[in-house]
Each structure stands twice: as C-alpha cells, then as structure tokens.
Amino acid sequence: MRTCPDCHAEYLDEPELCRSCGAPTISQDQAALWAALRDRIATERLVAVCALESPVDEAFLRRLLVDAGIPHAVHGGSVGGPLPGVDQGAVQGWGTLLVLEEHEEEARRVVRRYQESVVAEADASEPTA
Ligand SMILES: [Zn+2]
C-alpha cells in the first residue's frame, strides 16, 4: 500500500502519484518519517532547501526526495497556500521546499543533482553555431 503525504489518501494498487492531489505517494515504511515531520512542523523551524519555480519543478523534486526517503513539505506550490503552522512568511514564487534540519544536507544534495541535470539538459538542447 502507498499513501499520500499531503491528503492522506491510501492506495492498494500503489500508484506513483496521488489521484486526489497529484503528490508523489510514499510507502508504508516512509509513512513514519512523514508522520514525524508533521508532528514537528508546528514546533520546529523547517529549513527551506530551495525555491520551486514551477509545478514541474515541484513534481520532479518531490519525486526525487521521496525516492531518497527524505520527508519534506511544500510551502505554497500545488497546495495553493502557506503551510499551516510553518513560520516561513508569505509564499514566494511557486513555492518553497522545506525539510527538517537533520535532512537539510541530504536534501540539498538531491536538489543540486536535479538542478545540475536541468542545466545539462538545457546546454545539450542549445544549438551549436
Ligand atoms: Zn493526495
């Protein structure tokens, strides 16, 4: 079974994305990590690891973080507004990706790899004059 970390829908047929809200689903093993994140959202400061520029950015990065087993939350983004209880002020741009402090370094590595792959793709598609 997989569950949605955002709207908590449960799926026996294990889709990659939630059919209600589009978030990447997580495994049973990962559910405990996300529950810990939710418990701590209200009491601890989450770290903003990167700004999300678009829904595509959000979808790719969330997928990569789920695959890496890193619980995260999105301030804004497809949720459409500020994350309740999070001290991050107004949503800037499309949204912000947030993680617990102990996952910051790992999350930044995932984000950096993603950003490098996006740049590499853009370079590859540029015409060589
Ligand atoms: Zn959902």
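Mentor: Let us begin with the overall dimensions of this predicted model. For 129 residues, a compact globule would have a radius of gyration near 14 Å, and the chain has 15 Å, which agrees. Along its principal axes, the C-alpha trace spans about 55 × 35 × 25 Å.

Trainee: How many helices and strands does the chain have, and how do the elements run from the N terminus on?

Mentor: There are three helices and six strands in the chain. From the N terminus on, the elements run β-β-β-α-β-α-β-β-α.

Trainee: How should I read a sheet, and which strands form the open sheet that contains β4?

Mentor: In general, the strands of a sheet pair through backbone hydrogen bonds, either parallel or antiparallel. Here, three strands form an open sheet in the order β4-β6-β5, and their pairing is antiparallel. The edge strands are β4 (47-52) and β5 (73-76), each of which pairs on one side only. On average, neighbouring strands of this sheet are turned by 30° against each other, direction ignored.

Trainee: Over how many bridges do β5 and β6 pair?

Mentor: Strand β5 and strand β6 (residues 95-99) pair over four bridges, in the antiparallel sense. Within this region, Gly76 stands opposite Gly95 in β6.

Trainee: How is the packing of two helices described, and at what angle do the axes of α2 and α3 cross?

Mentor: Two packed helices are described by the angle between their axes and the distance between the axes. In this model, the axes of α2 (residues 55-67) and α3 (residues 104-125) come within 10 Å and cross at roughly 135°. The two helices, α2 and α3, are therefore oblique to each other. Their crossing is right-handed.

Trainee: Which residues of α2 and α3 meet?

Mentor: From α2, the residues are Phe60, Leu61, Leu64 and Leu65; they meet Ala107, Val110, Val111 and Tyr114 in α3. By class, this contact has eight nonpolar residues, with no polar and no charged ones.

Trainee: How many bridges join β1 to β2?

Mentor: Two bridges join strand β1 (residues 2-3) to β2, and these strands run antiparallel. There, Thr3 stands opposite Glu10 in β2.

How values were computed:
Residues are numbered from 1 along each chain as its sequence is written. This is a predicted model: local features need pLDDT of at least 70, side-chain atom pairs count only at pLDDT 80 or more; totals for chains, interfaces and linings use all residues. Axes are lines fitted to C-alpha atoms, for helices over the stretch in contact, and angles run from 0 to 180 degrees between N-to-C directions. Angles under 35 degrees count as roughly parallel, over 145 as roughly antiparallel, 65 to 115 as roughly perpendicular and the rest as oblique. A crossing is left-handed if the near helix is turned anticlockwise from the far one by less than a right angle, and right-handed if clockwise. Two residues are in contact if their C-beta atoms, placed from the backbone, lie within 7 Å. Ala, Val, Leu, Ile, Met, Phe, Trp, Tyr, Cys and Pro count as nonpolar, Asp, Glu, Lys and Arg as charged, and the others, Gly among them, as polar. Two strands pair if DSSP finds at least two bridges between them. The radius of gyration is taken over C-alpha atoms; the globule rule is 2.2 Å times the number of residues to the power 0.38.
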